[in-house]
Structures are given as structure tokens and as C-alpha cells.
Amino acid sequence: MTAAIRIEHYQPRYREDFIRLNRQWIEAYFRIEASDLKTFAHVDDIVADGGQIFLAIDETDSVVGCCAIICHPEEDCHELAKMAVSPKAQGQHVGLQLGRALIAYAREHGVRRIFLEGNTRMAPSIHLYRKLGFREIPLEGHTYERCDILMEMIL
């Protein structure tokens with residue numbers, strides 16, 4: 001079943017929703033790391049530095065999912081990061097809708113490569129990334145201790 005949601009781009013009023021959704025899944029399965037805290041402290045910088053944040057908003061105007069595309073100009077690529085879907089909206093293809101919006105945005109903005117850092121313990125997310133077209137690449141230079149898989153998409 002596909003959730004009736006709309007995808008919106010980031011506005012500062014969504015900052016706490018972005019942090020809340022990401023804290024929720026990270027704390028449920030892993031632990032908050034220094035890199036997470038840095039991202040949470042600088043959410044607005046993701047957009048200011050050439051990226052974007054996507055929010056999935058349901059029919060009650062609740063934010064039920066999010067993800068970000070973060071610009072890494074020094075590596076001439078972008079990162080799909082901080083994808084999270086609220087437990088009440090899981091299984092309703094919210095992640096798929098967010099991923100498709102992110103990829104469309106990337107294509108419209110001339111992004112050539114998107115990578116992501118994941119964990120195979122999160123099997124539904126790895127399945128989603130493969131469905132979106134990401135492929136596993138050798139795991140080198142990852143940011144998070146919890147990362148055990150690196151994936152990329154060439155656009």
C-alpha cells in the first residue's frame with residue numbers, strides 16, 4: 001500500500017522533525033555518533049551548502065519521513081543521507097517516494113554520482129536502495145562506525 005503523502009523541500013520549520021525521525025531510528029538500532037550530532041547541529045547548512053532535504057508529509061500534515069542529499073564538492077559527488085521513515089508509516093512506500101524525489105532532484109541539478117553509507121542489518125533499507133538503482137561498491141573511507149556497506153548510483 002502506498003501512503004497518501006506529499007514530498008516537500010526543506011524549510012526551517014521542519015528542522016526538529018528531521019532530527020526527531022533520524023534520532024528515532026538510529027537510537028532504536030545503533031547509537032548516535034559524533035557525525036550524527038554534527039549533522040543535527042547544522043541541518044540548515046545541508047541546503048545552504050548546495051544540498052536539499054526532502055520531507056514526506058501525510059494527510060494530517062505530520063512529517064512521516066525524510067532524507068537528504070548532501071553536496072560533497074571536494075569529491076564531485078553527493079550523498080543520500082539521513083533517510084528515515086516513522087514506524088507508523090513504514091511499509092507504505094514512503095522511503096521509495098522520498099528516494100525517487102531525491103533522484104529526480106539530483107538529475108535536475110546535474111548530479112553525476114550519489115553514494116550512501118548503510119548497514120546490512122537494516123535489510124529493508126538496503127532492498128530499497130537496490131530497487132532505486134544503487135549498487136554496492138568497495139567499503140572505503142566511511143563516516144559512521146555503523147556503516148558496513150557503501151553503495152552508489154551513477155546518473
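I looked up what covers the buried residues of α2 and found that the cover includes α1 (15-29), α3 (43-48) and β4 (77-85). I took contact as heavy atoms within 4.5 Å, and buried as under 20% relative accessible area, exposed as over 50% and partly exposed as in between (1.4 Å probe, protein chains only). Helices (H or I, at least four residues) and strands (E, at least two) are DSSP runs, numbered from the N terminus.

The model is predicted: local features need pLDDT of at least 70, side-chain atom pairs count only at pLDDT 80 or more, and totals for chains, interfaces and linings use all residues. Residues are numbered from 1 along each chain as its sequence is written, and side-chain values use heavy atoms, with hydrogens and water left out.

I then went through α2 itself. Helix α2 covers residues 34-41, and D36, T39 and F40 are buried there. Seen down the helix axis, the buried residues of α2 fall within an arc of 100°, so they line one face; the arc is that of the directions from the axis to the C-beta atoms. On the face turned away from that buried side I noted the exposed residues A34, K38 and A41.

Next I checked the whole chain. I listed 5 helices and 7 strands, in the order β-α-α-α-β-β-β-α-β-α-β-β from the N terminus. Of the 155 residues, 50% count as buried. I also noted that, among contacts between residues at least 6 apart in sequence, 64% join residues at least 24 apart. The C-alpha trace spans about 40 × 30 × 30 Å along its principal axes.
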